[in-house]
Amino acid sequence: MTSLEADALITRELHAGERVLWTGVPAQRRITRGHLAAAAVLLPFGFLIAVLAVFICEMGWGALPFAAVVSLTLYIGATCIISTRAVARCTAYAVTDRRVLIVRRGRYACVTSLDRHSARPWLVPTGRGLGTISFRGVEGGTLSDSMHAWRRLSEIEDAARVFALITGTMDERSQPGSDKGVEQ
Amino acid sequence: MTPQAAQATVERELRPGESLLWSAASRRSVDLSAVGPLWPSVLVLLAIPLAAMSLDPDLRARMVPAALFSAVAFAVVLYRTFDTMPVSDGRTAYGVTTQRVLIVREGRVRRVTGLRIGRLSTRLTVGRGGQGHIRLFGEDDSGPRRPGAEVRPRWFHISPPGEAEGLLRLLAEIQYSAPVTATGAPAHTVPERETHDTLSRQLAEGEALLWTAVPLRGVRLGGVEITMLVSMLGLTALLVWLDPRGVLHRSLVARMMVIAIGVYGACTVLCGALKDAAVRRGTAYAVTSRRVLIVGRRRSSQTVVSLDVEHLSLELLPTRRAIGTILFLGLGLAKGSSGPFRASRRTPLTQFEGIEDAAAVFRLIHQVRGTG
């Protein structure tokens, strides 16, 4: 998503008198930490199932269906990764004077409006000048929430300054990255 | 603790300029509604192997380690449940002042909790006996328990004697009684009369009902539920078909046990969907000039959720044909409040589920926040 498309997406969601301090989009990286985490979980899991099938169940060729289970597991993991990338492509972020906005379009359409005062952000640098800002207390705790990591500013540029903007420790006049100053 | 003792206990905690409006001693009670819904599943999954062992002597030797493992798991679950279940032992005094809700627990360690009124979200559950449990979501303004620890808003549980709904109305009067100019409301549907009456009873003086609606009726299965159903039945069928070590082939009881566990797992998923459908029938949603209200009536029980919009985080999930769902974030509503198996799923009573013109309602809630 280009910055112009992101701006258009964000502007539609603004309320009267609301002022945008920053807008951004997630970085389109080929391999993210999510990929590595998924591989770190899925590969040992598949190996464990293969060991169970061969040694404990004494199945021999009967292990083939278990291999199918392993393949299915890996497939589900891969689907998660693909959807994460697809979600990143249709997502725009904004910080306004009232809230943090996460807007998605298309198949994953949703609008998330996080209160700046109660969302309790925390920043994780992800390398190459990028960072992810997560919010304590707004993760839903359900399975689908944790699979898609909906409510975070993932892999954004200038994350430290955006974090300071959200927490109010930075003057709103010296905004990071793409300074929009849009007012609806 | 007598009512007089409770009043004296609470009065000792008053700050200058603060006056006591209501006080009571807690009643002895256990909030069973807070027990995770998977608890019955633990019992059933423990009972099925034990029943199989008693029916088939050949299975005993094979299943003793499994039974031991289940027993240990059962003990852990039992300990965790009683450790986290909201239990009122009758030694707690409650007080509502002009500024705070005070919860003072007497005992070997005296614990005082003060919740600032003005930003409180509440959840009332009334059972068959008419007595209710109230959970209050807010920050304890008496400071962190440990030096340097962060004070986070969380749910506090109280079991007041008598009619709990009256206490809730008092809190609403204190928080929301100032009149607010009503803003333009989106299209709304009127709930059934009893539910509408319950909604109206919650309103404070000067508080206006801006929008009401009922959720879409019927059974709904989400992606997670369908995946769980298919995987439970599929894995059971796979296990019976492959039959490692031929145990299932030799013993009809073992075969039935595996099938029973698989079918039971699928039934729990289906029952959750059926229960949600039943809850939806008696559920109504409202946005007032100050807050968000969710009322659920089912047989003789009733749930009233009141969410303060001032610092509420929201999420709008559009679905088909202008029907959408609004989630309320940051309140832990999707989680079970207690028990080792937290109910990590949303129900019609934790969100605005399947409402018409959801985008307009989403905007309305933000407008209410701006005027509050």
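The legends below describe close-up views of a predicted model. Residues are numbered from 1 along each chain as its sequence is written, and chains are lettered from A and ligands numbered from 1 in the order in which they are written. Because the model is predicted, local features need pLDDT of at least 70 and side-chain atom pairs count only at pLDDT 80 or more, while totals for chains, interfaces and linings use all residues.

**View 1. Confidence across chain B.** The model scores ipTM 0.73 and pTM 0.74. Within chain B, strand E11 (residues 283-288) has the highest confidence, at 90, and strand E3 (residues 87-88) the lowest, at a mean of 66. The pLDDT is below 50 over residues 336-344 of chain B, a stretch that has 36 contacts in the model beyond near neighbours in sequence. Two residues are in contact if their C-beta atoms, placed from the backbone, lie within 7 Å.

**View 2. Overall make-up of chain B.** Nine helices and 16 strands form the secondary structure of chain B; helices (H or I, at least four residues) and strands (E, at least two) are DSSP runs, numbered from the N terminus. Of the 372 residues in chain B, 37% are buried. A residue is buried if 20 or more other C-beta atoms lie within 10 Å of its own, exposed if 12 or fewer, and partly exposed in between, with C-beta atoms placed from the backbone. Of the contacts in chain B between residues at least 6 apart in sequence, 70% join residues at least 24 apart.

**View 3. The three-stranded sheet of chain A.** Strands E5, E6 and E7 of chain A form an open sheet in the order E5-E6-E7, with antiparallel pairing. Strand E5 (121-127) and strand E7 (152-157) of chain A are at the edges with a single partner strand each, so one side of each has no neighbour in the sheet. From one strand to the next the twist averages 20 degrees. Two strands pair if DSSP finds at least two bridges between them; six bridges join E5(A) to strand E6 (residues 130-135) of chain A, and four join E6(A) to E7(A).

View 4. Two residues separate E5(A) from E6(A) in a hairpin, and Arg128(A) in the turn has a positive phi of about 55 degrees. Gly127(A) is opposite Leu130(A), and Pro121(A) is opposite Phe135(A). Helix H5 (residues 159-167) of chain A lies across E5, E6 and E7 of chain A, at about 30 degrees to E6(A). Axes are lines fitted to C-alpha atoms, for helices over the stretch in contact, and angles run from 0 to 180 degrees between N-to-C directions.

**View 5. A sheet with strands from chains A and B.** Seven strands form an open sheet with antiparallel pairing, in the order E1(A)-E2(A)-E3(A)-E4(A)-E14(B)-E15(B)-E16(B). Strand E1 (20-24) of chain A and strand E16 (351-356) of chain B are at the edges, each with a single partner strand, so one side of each is left without a neighbour in the sheet.

**View 6. Surroundings of Phe156(B).** Phe156(B) is in strand E9 (residues 154-158) of chain B. With 17 other C-beta atoms within 10 Å, Phe156(B) is partly exposed. Leaving out residues up to four places away in sequence, Phe156(B) touches Ile103(B), Thr113(B), Leu115(B), Arg135(B) and Leu136(B).

Methods. pLDDT is the predictor's confidence in each residue, from 0 to 100.
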